[in-house]
Amino acid sequence: MAFTLYSLIQTAILCTNAIAVLHEERFLSKIGWGADQGIGGFGDEPGIKAQLLNLIRSVRTVMRVPLIIVNSVCIVLLLLFG
Amino acid sequence: MDYSTQSEFRHQPKVRMRGTPMDSSEPSLLFDDTSTGGQPSGHGRQDKAPLGYAGQTLLSDPMSNLAMAYGSSLASQGKEMVDKNLDRFIPISKLKYYFAVDTVYVGKKLGLLVFPYMHENWEVSYQQDTPVAPRFDINAPDLYIPAMGFITYILVAGLALGTQNRFSPEILGMQASSALVWLIIEVLATLLSLYLVTVNTDLTTIDLVAFAGYKYVGMIIGVLAGLLFGKMGYYLTLLWCCASIFVFMIRTLRLKILSEAAAEGVLVRGAKNQLRMYLTMAIAAAQPVFMYWLTFHLVR
């Protein structure tokens with residue numbers, strides 16, 4: 001298995017894109033993964049599902065603009081250098 | 001001829017010492033002309049020149065002095081800026097803690113990695129809230145062994161491939177980046193699972209890198225045994241090293257991830273502790289898998 005650092009970067013970009021594309025109201029709420037369905041109670045620590053939903057929501061919020069930039073750069077580079 | 005060369009050798013140190021302040025004013029005399037073997041005339045010129053310019057080096061060209069002072073201050077400013085910015089991305093002071101090792105520690109730790117069954121006290125000792133340097137506590141994680149192990153693994157992989165006539169310099173780079181990528185993936189997966197299980201632990205990312213890097217020791221021993229004793233030796237040694245890394249990881253991570261009560265061996269019920277135990281076992285079980293995955297293609 002020949003992995004290079006470049007393929008790791010590619011994987012990271014693809015995975016982050018995949019997480020950021022999950023739409024809040026069209027998809028996540030329909031399968032019970034909406035942002036409001038994660039917060040169980042304020043008592044104990046949040047379970048795994050709440051943490052996952054939190055992670056998805058934060059990736060969407062934080063990485064939106066950097067992903068736009070990175071994707072544009074990738075598209076331009078791929079167009080120029082194949 | 002002998003006398004002239006001897007006199008040259010005697011004169012040369014003087015010329016060198018006086019030569020350096022002259023650099024800014026006389027670019028042609030930047031380096032001592034040691035290529036000219038027997039030229040006393042050229043040497044006489046060099047000999048007279050520093051004496052002639054000695055007075056001037058004391059006053060010195062004010063422009064060059066200013067330029068030198070400005071250049072040195074600029075260089076120190078640049079160095080400060082680079083240090084500050086680098087410290088923001090890579091915590092250099094924290095990294096220094098992980099390299100504070102000595103030979104005794106390395107020897108004991110290597111022995112512990114191969115035979116962890118007799119060791120009783122696995123707790124990291126603290127010193128007023130900060131963990132003690134690895135030099136004084138064998139249970140503290142360090143980055144020296146993982147770094148050296150990684151480099152040695154690449155060299156041993158090159159050696160193994162060379163004995164099978166499969167070597168080429170590109171393969172070394174491929175092995176290195178492959179192992180590095182798997183290390184990064186493993187550390188990211190561990191970080192993600194630690195986040196999902198909401199473990200309150202003081203395990204830093206560098207700690208995880210250190211723990212993930214300890215398996216290189218077992219891998220190296222396995223590959224070397226495979227080179228010396230063939231496939232049977234490789235499998236037996238790898239089995240032994242996998243078992244010891246498994247026990248080592250479980251005993252080390254148990255104290256960091258599980259709560260205190262569970263770490264002491266008392267059976268604590270509850271979904272949370274069970275989840276944490278599963279997580280510890282999963283992290284420990286991933287080590288032998290990686291050890292086999294990264295070495296089986298090296299031993300034929």
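This is a predicted model: local features need pLDDT of at least 70, side-chain atom pairs count only at pLDDT 80 or more; totals for chains, interfaces and linings use all residues.
Biologist: How many salt bridges are counted between domain 1 of chain B and domain 2 of chain B?

Modeller: The count is zero. By class, the side of domain 1 of chain B that touches domain 2 of chain B has eight nonpolar residues, one polar residue and no charged residues.

Biologist: What is the area buried between domain 1 of chain B and domain 2 of chain B?

Modeller: About 730 Å² is buried, and carbon and sulfur atoms give 73% of this area. On the side of domain 1 of chain B, Y98(B), F99(B) and A140(B) lose the most area to domain 2 of chain B, together 66% of what that side buries.

Biologist: Why is N139(B) called buried?

Modeller: Buried means under 20% relative accessible area. N139(B) has a value of 7%, and therefore N139(B) is buried.

Biologist: What makes the link between the side chains of N139(B) and H119(B) a polar contact?

Modeller: The side chains of N139(B) and H119(B) are joined at 3.2 Å, and the cut-off is within 3.5 Å, so the pair is called a polar contact. A polar atom of the N139(B) side chain also lies 2.9 Å from the backbone oxygen of N121(B).

Technical notes:
Residues are numbered from 1 along each chain as its sequence is written. Chains are lettered from A and ligands numbered from 1 in the order in which they are written. Side-chain values use heavy atoms; hydrogens and water are left out. Buried area is the accessible area (1.4 Å probe) that two parts lose on being put together, summed over both. A salt bridge is a side-chain nitrogen of Lys or Arg within 4 Å of a carboxyl oxygen of Asp or Glu. Ala, Val, Leu, Ile, Met, Phe, Trp, Tyr, Cys and Pro count as nonpolar, Asp, Glu, Lys and Arg as charged, and the others, Gly among them, as polar. Buried means under 20% relative accessible area, exposed over 50%, partly exposed in between (1.4 Å probe, protein chains only). A polar contact is a pair of N or O atoms within 3.5 Å; within protein, one must be able to donate a hydrogen and the other to accept it, and residues adjacent in sequence count only if both atoms are side-chain atoms.
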